[in-house]
Amino acid sequence: MRIIYCLFLILLTAFMTQKKKRIIFFGDSITQQGVESGGYINRIDSMCRFENKSSQFEFIGAGIGGNKVYDLYLRMDSDVLSKNPDVVVIYIGVNDVWHKVSYGTGTDPDKFEKFYNAIIKKLKERNINVILCTPAVIGEKTDFTNQQDGDLNKYSAIIRNIARQNQLPVVDLRQKFLDYNKQYNTDNKEQGILTRDRVHLNAKGNQLVADEMWKIVKGL
């Protein structure tokens, strides 16, 4: 009886001290705002608690406004690897496309792919699980007259291809946003459906992103 009791205590202690799976969301201003009240990371945390999984996960935002893929690569050691994550969710690409027009400092497709692969290589060397995300929108018109639609489709295709080559899960936000706007943006509005300014997420946009990411994160 004493042996059984001791085994029970050992198992109980092991369960209570179970290491949480540390998830880092790595990206730009969309991710930076994700940790704020109503942001997508904040919502993922709320859904996690609602499903009684808070003992299993820890969520950390590592987003900086204006970042492009090479910025992520340059700050990997300090902002990601030093925190010893179990999973990294990479959500980048909007500024690589957007800043080509607005500032002339975007990222060419070939360089985007090289830096993206370099990030994945460093994470895989540390046995860190990786989830990729396609960039969603820069303008929400449904008739493909948003100026950067073509580039967003191209860069999203690059990310999907990288995911296939590396056998990694991908949260295809580009397609999800296009599908949602096709159904609900019947007036062909430029913003206000899932974004507040063509790019950054409103409440519905944050919830959509949270829902899609949480599906994959909790299954790892």
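Contact here means heavy atoms within 4.5 Å. The model is predicted, so local features need pLDDT of at least 70 and side-chain atom pairs count only at pLDDT 80 or more, while totals for chains, interfaces and linings use all residues. Residues are numbered from 1 along each chain as its sequence is written, and side-chain values use heavy atoms, with hydrogens and water left out.

**Exercise 1. Work out the strand order of the open sheet.**

Step 1: read off the order. The 5 strands run β2-β1-β3-β4-β5, with parallel pairing. Two strands pair if DSSP finds at least two bridges between them.

Step 2: find the edges. These are β2 (57-63) and β5 (170-171), each pairing on one side only.

Step 3: look at the pairings. β1 (residues 21-27) and β3 are joined by 5 bridges in the parallel sense, with Gly27 opposite Tyr91. On to β4 (residues 129-133): this strand runs parallel to β3, again with 5 bridges, and Leu132 is the bridge partner of Ile90. β4 and β5 are parallel too, over 2 bridges, and there Cys133 stands opposite Val171.

**Exercise 2. Is strand β3 enclosed or open to the outside?**

Step 1: count. In β3 (residues 87-91), 5 of the 5 residues are buried, so the strand is largely enclosed by the rest of the structure.

Step 2: zoom in on Ile90. Leaving out residues up to four places away, Ile90 touches Phe26, Leu72, Tyr116, Ile119, Ile120, Leu123, Val130, Ile131, Leu132 and Cys133. Ile90 is also one of the residues with the most contacts inside the largest nonpolar core, alongside Tyr40 and Met213; that core has 60 residues. A nonpolar core is a set of buried Ala, Val, Leu, Ile, Met, Phe, Trp, Tyr and Cys residues joined through side-chain atoms within 4.5 Å.

**Exercise 3. Describe helix α10.**

Step 1: take the span. α10 (residues 203-217) has 15 residues and reaches 21 Å from first C-alpha to last, close to the expected 21 Å. That expected span is 1.5 Å times one less than the number of residues.

Step 2: find the cap. At the N-terminal end, Asn202 places a side-chain oxygen 3.1 Å from the backbone nitrogen of Lys204.

Step 3: pick out the buried residues. Among them are Leu208, Met213 and Trp214.

**Exercise 4. Which residues pair up in salt bridges, among them the partner of Lys218?**

Step 1: get the total. The whole structure holds 14 salt bridges, each a side-chain nitrogen of Lys or Arg within 4 Å of a carboxyl oxygen of Asp or Glu.

Step 2: take Lys218. Its partner is Glu51, with the closest N and O atoms 3.3 Å apart. Lys218 lies in the segment after α10 and Glu51 in the loop between α3 (40-50) and β2, 167 residues apart. Lys218 is partly exposed at 36%, and Glu51 is partly exposed at 30%.

Step 3: Arg174 belongs to α9 (residues 173-184) and Asp149 to α8 (residues 149-166), so the bridge ties together parts 25 residues apart in sequence. Both Arg174 and Asp149 are buried.

Step 4: look for a network. Lys176, Glu212 and Lys215 are linked in one.

Note on methods. Buried < 20%, exposed > 50% of the residue type's maximum accessible area, 1.4 Å probe, protein only. Helix = DSSP H or I, 4+ residues; strand = E, 2+ residues; numbered from the N terminus. Polar contact = N/O pair within 3.5 Å; in protein donor to acceptor, adjacent residues only side chain to side chain.
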